[in-house]
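Here is a short report on side-chain packing and charge pairing. Please view the model alongside the text.

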Amino acid sequence: MNKSIEGSAQTRQADFPLLSHSFDGYIRLSLSHFHLLPFIHLYSSEDADFLDELHRLAIPAASAGYSEWVSDTSPPVSIAWGWFIHGPTGQMLLAPDGVRSNVMLVDRQGYDLGPERTANLFGVWLGIFSWQSEVRSSTWSTRGVAASAEIPTVNFCSY
């Protein structure tokens, strides 16, 4: 099942004629342009090594993994993040330092915001979408757990 994170139902490639890779591989966009891109769930998976890493950080995670979504544009914009299920509450949360993308966000003058600020803004941006149910459905259906399991969700966790 592919659900999308959509900015505008009318957004199409024609709305982004200048999408291209820069010399360093990034696609440079303002946050407002990034927000307009329609994203489709590409892949989500549990990751035992990532779960162990979170445990070493004293995060009480019951499960953990990664998710990747891509835009319906050419070239495609990719955004991926780590997530975990908080053991005590059952909430699915964005993992700390877990957002990656082939986008470098730029300010109004076109200057790079830098990788750290870009990742932080993507974390906030992810907070407005209900990505958890799609990730839960995708990862749990592959291990035989009912995708409709009742687990409360929150949109963003900051550490």
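The sections below cover salt bridges, nonpolar cores, aromatic rings and one threonine.

## Model

This is a predicted model. Residue numbers start from 1 along the chain as its sequence is written.

## Salt bridges

The structure holds 2 salt bridges. One joins the side chains of R28 and D24, at 2.8 Å from N to O. The other joins D112 and R28, at 2.7 Å from N to O. This second pair links distant parts of the chain, 84 residues apart. D112 sits in the loop between β7 (103-105) and α3 (115-126). R28 lies in strand β2 (residues 27-29). Through shared partners, the salt bridges join D24, R28 and D112 into one network.

## Nonpolar cores

In soluble globular proteins, nonpolar side chains tend to be buried together. Here the largest nonpolar core has 24 residues. F34, I79, W81 and W131 have the most contacts inside it. Five elements are listed as giving two or more residues to this core: β2, β5 (78-86), β6 (92-101), β7 and α3. Of these, β5 gives the most, with 4 residues.

What does W81 touch beyond its neighbours within four places in sequence? W81 is in contact with G65, Y66, S67, W69, L94, G98, V99, L126 and W131. A second, separate core has 9 residues. F50, A64, F84 and A95 are among them.

## Aromatic rings

The structure holds 8 aromatic pairs. One aromatic cluster is formed by F34, F39, F122, W125 and F129.

## T139

T139 is found in helix α4 (residues 132-141). Is T139 buried or exposed? Its relative accessible area is 2%, so T139 is buried; the cut-off for buried is under 20%.

A polar atom of the T139 side chain lies 3.5 Å from the backbone oxygen of R136. Leaving aside neighbours within four places in sequence, T139 is in contact with S44, S45, E46 and W83.

Definitions and conventions. This is a predicted model: local features need pLDDT of at least 70, side-chain atom pairs count only at pLDDT 80 or more; totals for chains, interfaces and linings use all residues. Side-chain values use heavy atoms; hydrogens and water are left out. A salt bridge is a side-chain nitrogen of Lys or Arg within 4 Å of a carboxyl oxygen of Asp or Glu. Buried means under 20% relative accessible area, exposed over 50%, partly exposed in between (1.4 Å probe, protein chains only). A polar contact is a pair of N or O atoms within 3.5 Å; within protein, one must be able to donate a hydrogen and the other to accept it, and residues adjacent in sequence count only if both atoms are side-chain atoms. Contact means heavy atoms within 4.5 Å. Rings of Phe, Tyr and Trp (its six-membered ring) pair if their centres lie within 6.5 Å; planes under 30 degrees apart count as stacked, over 60 as edge-to-face and the rest as tilted. A nonpolar core is a set of buried Ala, Val, Leu, Ile, Met, Phe, Trp, Tyr and Cys residues joined through side-chain atoms within 4.5 Å.
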